[in-house]
Every structure is written in structure tokens, then in C-alpha cells.
Amino acid sequence: MALWLRKSLKTINNFKSMMGMINHSSSSPSPSFNQNLRNPPVIFIDSPTYFSSHRYESTRAEKQSDSVYGSHCHAQVMDFPGGKIMFSPVMRFISESTQERVHCYQVLDDNGNPITGSNYVQVSEEVALKMYSNMVTLQIMDTIFYEAQRQGRISFYATTIGEEAINIASAAALTIDDFVFPQYREPGVLLWRGFTLQEFANQCFSNKADYGKGRQMPIHYVSKRHNYFTVASTIATQIPHAVGAAYSMKMDKKGACAVTYFGDGGTSEGDFHAALNFAAVREVPVIFICRNNGWAISTPTSDQFRSDGIVVKGKAYGVRSIRVDGNDALAMYSAVHAARSMAISENKPILIEALTYRVGHHSTSDDSTKYRPIEEIEWFKVVRDPVTRFRKWIENRGWWNGKLESELRNTVKEELLDAIQVAEKVEKPTIAELFTDVYDVSPSNLRDQEKFLRETIKRHPQDYPSDVPL
Amino acid sequence: MPLFILLLEDKEKSWSKCNLCKRERRKMWGVIRQKMSTGSSSVLVLGQRIRPAACAFRNYSSPAKEINVREALNSALDEEMSADPTVFLMGEEVGEYQGAYKISKGLLDKYGPERVLDTPITEAGFTGIGVGAAYHGLKPVVEFMTFNFSMQAIDHIINSAAKSNYMSAGQLSVPIVFRGPNGAAAGVGAQHSQCYASWYASCPGLKVVAPYSSEDARGLLKAAIRDPDPVVVLENELLYGESFPVSAEVLDSSFCLPIGKAKIEREGKDVTITAFSKMVGYAIKAAEILAKEGISAEVINLRSIRPLDRATINASVRKTNRLVTVEEGFPQHGVGAEICTSVIEDSFGYLDAPVERIAGADVPMPYAANLERLAVPQIEDIVRAAKRACYRAESVASTA
Ligand SMILES: Cc1ncc(C[n+]2csc(CCOP(=O)(O)OP(=O)(O)O)c2C)c(N)n1
Ligand SMILES: [Mg+2]
């Protein structure tokens, strides 16, 4: 008990220093992208320069901010696959950590005011209002579906509370042609793309109108129309899938990219590492969006990795990366917007680490107060709520007010309660669906079974559930 | 239940065709059978090497208190960790959270974070690390949140753990345990609800056990930990909370069960029912129903899927002349198929009826609760199959 509390408090402190107390006036280092490793000087195996070293000519080499050998300008260099490497007489190990953690890109402060000097992509009133109302909708949807699970009307649910900005702002910066490979905490992307509340409810209630035909657990949404792939229960499997799809999109020259979302926990799976590496080597248009929300069920990030979060892993794989305040909708929007245009125009993978917090329990099967202090949850819920912050911004601009707010909340609530009631009444998928989607053409044994089943039901209608149409 | 009736009767139809030719053959075999029916099981070939585990089988009987399967597993882990400082537990959320299903409750406090390791979500990683630790003298117990997630790590289980002893010509042994809930839970859909018994049991070099009761859980997990080879322990989430009476001997810290030995849970003379894990309970209930109708069923709790206790199964079939195999996994290439083959190979002449195989439906697990129920065997399915084997099946009209 004492142990986990200690650990949790450590985490909260990390988070506070990471998210709340960044000194914004300090000019962040200009993004120092690695030299282009894609096109190393062509070296033939029998070339005399291969592995040969020579005096480094220029003494005015650009001093890289992260160079550990900066002062040894007379060192020899070697042509090595991947580019020139400088020799150094100093035996120095690269530190496992840096004194200062990678900065976090932010546009709005906690009060919804743009930070002086922040550069961001302009958002029109129309888009801003859609973003805001989607974030509110997502919040209300979570509250109502969560409640429905507690009442036993659906079997399972997981909320996205605290991560609304990542969901909605990233979706807003993409286009519908970009293929989405989600984890399970990004229903907002689907909402942005026009999946209706009724459609969400249909999936959670596994009725006839559910596009997954009731075959998946709640929240495992899928919509081909919205280029949104089926949520997989198995952590991180979607990450390499996105890279594969991006490879195909590159071949097709579609002018679109693949986007995949995953949690901090997901980055421990081999799939994450294989995906980043492959994406870099194959040069494919894919955006990796990691929601670093501090927890993977009860595992804090300190038990998940010891690197400076996820953003630094991108560099190790040769993937351009940025750390973003995931509770800042404008920062998220701008970062994803820029990432998308780089991904598509340069055929490059981009990694975005969005810092956020899982305000809700992991899922309806979890009680997170057992392993993290309530003050930690409250702090993120109250002080760092992404929805409130964005609301302040649109209010400051005169685009929003209390009256519109209560109208919006009332309408969405009504719409949702309605959707749930409808979804509950809609029949289950038809009996014929029991026999579809494994074989292209139904084999004779399945046809026989179906025929027999129908005869049995005819003989014993009272034993057959009334909400499953024949 | 209309769907399952359908599946079984459909099967019955196709069987009845076979029955004709089978009956012909039975006549033929009758002669041979008489010659063989001296009851000796020495004709059975146990094609598997059973390395000695550090325990011997004793027959315990004295009744005592009840414990549930969770407590049985927890106490087995606790005792083995306390007895052997090289044993350690590793997996997602096994420490501070005490396991997704609380199997490791209290162990972190007792043994500390050096021996109860919370891992990152990297099944392939921590399984490989476990195998390495086993190469080098430790005895890891690797917990999978569910065996479904062991799919990420199966390379290390099959290609690293199972084969190293053979490939190193016996120089390396891999004393590791892979454990966690296997098979269908409730309402968690296709990606969380699969039985991997036949997957792991098909690989030489692995031992695979599947406990049913608290006695099984304690005895088999302890045996697995003490075993010098990799052992896969397939638990069942739905059994964790179930209580069973256990004797004082079972509760003794020296208690252990032999891997490779089945248990006859209930003796009978008319039909043999084999099962493992949760299905043992179903088979016992089915036997109780059958008893009321005058059919005496012998229930074999396999306990070990590999090595498979072919001797016990065949001896039973030679006595009852009828066999029903029960498992939750998919039917094709399943445990039932293997048992059936073993009986065909060793005791064909003793069979008086086609072997009945009861298995999960040949579909990914449906999410819908009613379909989920229909996709895994139910007690009544076992009862019907046993009656068919005894030629006591009711007519289609009366069952349907
Ligand atoms: C391969 C696999 N291993 C384990 C799990 C169990 N599991 C489900 S969610 C989860 C935590 C994921 O955490 P994270 O990636 O940080 O996402 P978050 O829930 O925080 O959004 C785990 C371990 C799983 N579903 N799949
Ligand atoms: Mg997380």
C-alpha cells in the first residue's frame, strides 16, 4: 500500500513539473532534425573512402545542441554507412537522461490565453465551435454510457475523459481520407468524422444496426465509411497495421496518410518498435499519436519505461517527433496539422507524444482509487481539464457564452438518452448473420445448420429470444 | 438451446452413416477384442518421456476444509517461493495490483519487488527475459493477464523455452512456468476468449497442465514450479472463485501432483467422459444426471494435457467401451481429436460406439451472452452425447 502511494506521488510530481510549470518564456530550441539519413552519400563497397578516415576539413562545423563532442573540432571523421562520424579522444558515454526533459509544445495556458510568442495554425470560428461541441459531446457520451454500464444495460465501457482534446483536435486536423488505426480511447475521432450518437449507441448495445453485427465488446467501434478500423483488444497491434496501410497509401500516391493512436503502455510492446523502425526505413506517410496519460491500468509510466517519455524514442528510430500538451486543443490541432503535411509531402513518419491524463478509471472493470491518490485525479480533472481550457479561449474570442453552453449540453444529453433508448429497442442482428462472414460462399454444413435452426425455431418459438429477427 | 441441439443433431446425422460401417467393423473386431480383453494396459505405448518432477504421487483421502482455486494458486506460489529463493513471479500488474485476478495477493509485500516483478506491457519481452533467467539458474513464473496475450510471446515459449533442452543436448534446462487464465471468460469477445490447450500441447518439449479443482491447482502449480522443464499452466478465470474441499494432505506444503497423470473423478462402467479445467465440473454434473437415468459414467479429469495420460484413458475405455471427450476449445485438431486417436490406436477393438467429441463451436467467440453460451459446451450437451454413445439418444422429435 505504502509502496504504490509513494510511486504515485512521484508520478504526480513528474506530471506537474512536466505539464504545469514549464517556463514558457525560455525559447525552446529550434527543432534540430537529424541530418537526412535517407540519402547518405553513396558508398560502394570497394570505394576507397569506405571506412577510411581523414582530417575533418571544416572547423566551423555546426555545433549541435545535443552534441557531446562539440569542442573537438580537429577530430578525424569517418565515412560510415549513414553518414560521416567524427572520432573523439574522449571516452564519454551518452547519458541515459538529459538535465532538461524535452519541451512540450503548448499554445494555450491553463486559462485559455495564448502564450506570447506561440505559433499555431489558425482555427476558424466554425471549426473551433465544432471542436468544442464535439469535446462536450464526447464528455456527455462518456458520462451517460458509463452510467448505462453501471445500470447493467451494457456489459463494458471505457471513458475518454481528460483526453478529449487529443481525440477531437487531432481528428480536426486530419481529413476523412486519412486512415485511422485506433486503440480504444479515441472515439472522438469517429465522432468528428460524423459517426452519430445513435451509431455509437448501436455498437454499445450490440444491436442489428451495429456495423460489427454485435460481435465485439462495447467501444470496439468500426466504420469503413469513416476509414476507421476495428478497435482491437490486443494492445499495440494497430501500430504496425498503420505502417502497412501507409506503405500501401504511398504506393497509391493518395495524398493521404495513416494515423494510429496508442497509449503509453502500448509503447512497450514490440509492435510499437517494429512499426517505428519500419516506417522510418520505408519512408511512409504515417502519424503515430501516443496518448501518454500516465497510466496503463495500474502501471504508472515509471514502471513502463525510463526514457524521457516516448518522444525521444522517435529520434532513436530516425522518426521526426514532437511532444505536445495533449490537454491543449490548439497545440494538438497545430501539431497534427503540421505532422500531416510533412508526412504526406515528404513521405515521412511523424511521432507525436501528447501529454495528458486518464481522468477516468481504466474501464468499468477497474477502480483506480485503489492504486492512485484521489488528489492526483482531481488535480488533472479540475486544473488541467482540456475542455474548460478550450472553452475559455473561445469565450475570450466572443464565440461562446453561458447560454450557448447550457443549450449545447441539454441538446446533447437529450439526444444521447434518446439514442440509448432507441438502441436498446432495436432488434439484435438477424439469425442469418450467425452464418456469415467466415466463408465467402457458405459451405453445405453451415447451410444445413441454418435450415435446421430455422425449422427448430419454427417448432419451438417460445424458446427463441424475441429480439432476434429471423 | 435450439442452436446447440441443431449442431449436435446435425453431427448425429453424419455419425449415423458412419455407424453402419462401424457396426460392421465391430463384428470383425469382436474376435480380436476377446483376445485382447485380458485387461492388461501394457499394450499402450506412452510415446512421451516424462521427466521426473520433484514429487511422487500419493493417494490422499482425508477430508478437511474448503478453499477456492484462487487461494490454492496463491498458496502454491507462496509456498514454492518461500521454499526456493530462485523462484520469482513476473508479469503485468502482478505486484502492486496483486494480479489482474488477484492470484498474487500479498506476495509483493512478502517477497519484495526483486521477486515479484511488475513488467511493462511487453509479453514477448518478459517471456524472453524469463527464459533467459531460467537458462541462468532462476525459476521464473510468468503470468499472462490471459493466455490470449501469450500469442505475442509464443515464439519464446515454443522456439526458446520448449526446444533449448533438446538443442543443447541436455546441457540447458529451462525451468520456467507460464501461467494465467485460459479459455472463455464471460462477455469479453473473440480476442479474450480462446482455449490454447491444443496449441501448446502440440509442441514437444513443453508440458501442459490444466487444473480444475483447488487440489489440482495447488498440486499442479507446485509440480510445474518444481519441474526442470517449461510448463504451461492453463487456469480458468471462472474457476478462480470456486471452492472445493481439500484434505489436510493437500494443504501440506509438501503436496504436489505428478505431471502426466490424470485423475478419475468419478468411477463408472458405461461410458468414459474425459475433460479438463472447467469442463471437469460440467462432466461431473452430467454424470450425476446420467446416473439418474441408469447410465454410469466414468469422469476422467485429464489434469495434464501433455504428457497425456493415455494409459488411464485407454484403461477406462476398455472398461466402458464408450468415450465422450469434452473441451472448450475449437474442435478441429483439438485435445479431443488427440484423445480419440489414442483410443483408436490402442483400444479400437474395445469401442462399442463412435467416439463423441464435444467442443467449442468452430467460430470466434461471439460477444453476445446467449451466443457465447451456445459456443461453449454445456452440461446437457455432454449428457446427450453420452446417451448417444450408449445408444440411448432420444429421438429427434422429443429432444428438439
Ligand atoms: C497484448 C495485451 N496485453 C495486455 C492487455 C491488457 N491491457 C488492456 S489495456 C492495458 C493498458 C494499456 O495502457 P495504455 O496503452 O497506456 O492505454 P490507456 O488505457 O492508458 O489509454 C492492458 C495492459 C491487452 N489488452 N493486450
Ligand atoms: Mg496509458
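Let's start with His226(A). This residue is buried, at a relative accessible area of 3%. Buried here means under 20% relative accessible area, exposed means over 50%, and partly exposed is in between, using a 1.4 Å probe and protein chains only. His226(A) sits in the loop between helix H5 (197-204) and helix H6 (238-252) of chain A. Helices are DSSP runs of H or I with at least four residues, strands are E runs of at least two, and both are numbered from the N terminus. What does His226(A) touch, leaving aside its neighbours within four places in sequence? The contacts are Ile176(A), Leu190(A), Arg193(A), Gly194(A), Phe195(A) and Glu199(A). A contact means heavy atoms within 4.5 Å.

A word on the model. It is predicted, so local features need pLDDT of at least 70 and side-chain atom pairs count only at pLDDT 80 or more, while totals for chains, interfaces and linings use all residues. Residues are numbered from 1 along each chain as its sequence is written, chains are lettered from A and ligands numbered from 1 in the order written, and side-chain values use heavy atoms, with hydrogens and water left out.

Ile219(A) counts as buried, at 3% relative accessibility. Most residues other than glycine have a negative phi, and most peptide bonds are trans.

Chain B has its own cases. His333(B) has a positive phi near 55° and is not a glycine. Is His333(B) buried or exposed? Exposed, with a relative accessible area of 65%. His333(B) lies in the loop between strand S13 (323-326) and helix H12 (335-347) of chain B. Then there is a cis peptide bond, from Arg306(B) to Pro307(B), with omega near -5°. Pro307(B) is in the loop between strand S12 (304-306) and helix H11 (310-320) of chain B.

Next, the metal. Which protein atoms are donors to the magnesium ion, ligand 2? They are Asp264(A) through OD, Asn293(A) through OD1 and Trp295(A) through O, at 2.1 to 2.3 Å. Donors are N, O and S atoms within 2.8 Å of the metal, or 3.2 Å for Na, K and Ca; water is not among the atoms, so sites may look incomplete. Along the chain, the donor spacing reads D-x28-N-x1-W. Asp264(A) and Trp295(A) link distant parts of the chain, 31 residues apart. Asp264(A) is in the loop between strand S5 (258-263) and helix H7 (270-282) of chain A, and Trp295(A) is in strand S7 (residues 295-296) of chain A. Asp264(A) is buried at 1% relative accessible area. Trp295(A) is buried too, at 4%.

Now the cores. A nonpolar core is a set of buried Ala, Val, Leu, Ile, Met, Phe, Trp, Tyr and Cys residues joined through side-chain atoms within 4.5 Å. The largest one has 103 residues. Those with the most contacts inside it are Met131(A), Phe145(A), Tyr221(A), Phe288(A) and Phe390(A). Helix H2 (residues 125-150) of chain A gives the largest share of this core, 12 residues. Leaving aside neighbours within four places in sequence, Phe145(A) has contacts including Ile154(A), Phe200(A), Tyr221(A) and Leu416(A). Apart from that core lies another, of 61 residues, among them Val141(B), Val233(B), Ala287(B) and Leu290(B).

Now each chain as a whole. Chain A has 14 helices and 10 strands. Buried residues are 49% of its 470 residues. Chain B has 15 helices and 14 strands. In chain B, 59% of the 400 residues are buried.

Last, the records. UniProt lists "domain: Dehydrogenase E1 component" for residues 134-431 of chain A, from an unreviewed entry. That stretch of chain A is 47% helix and 11% strand, with end C-alpha atoms 36 Å apart. For chain B, an unreviewed UniProt entry puts "domain: Transketolase-like pyrimidine-binding" at residues 67-242. Residues 67-242 of chain B are 36% helix and 16% strand, and the end C-alpha atoms are 8 Å apart. UniProt positions follow the numbering used here, feature names are shortened, and annotations may be inferred rather than shown by experiment.
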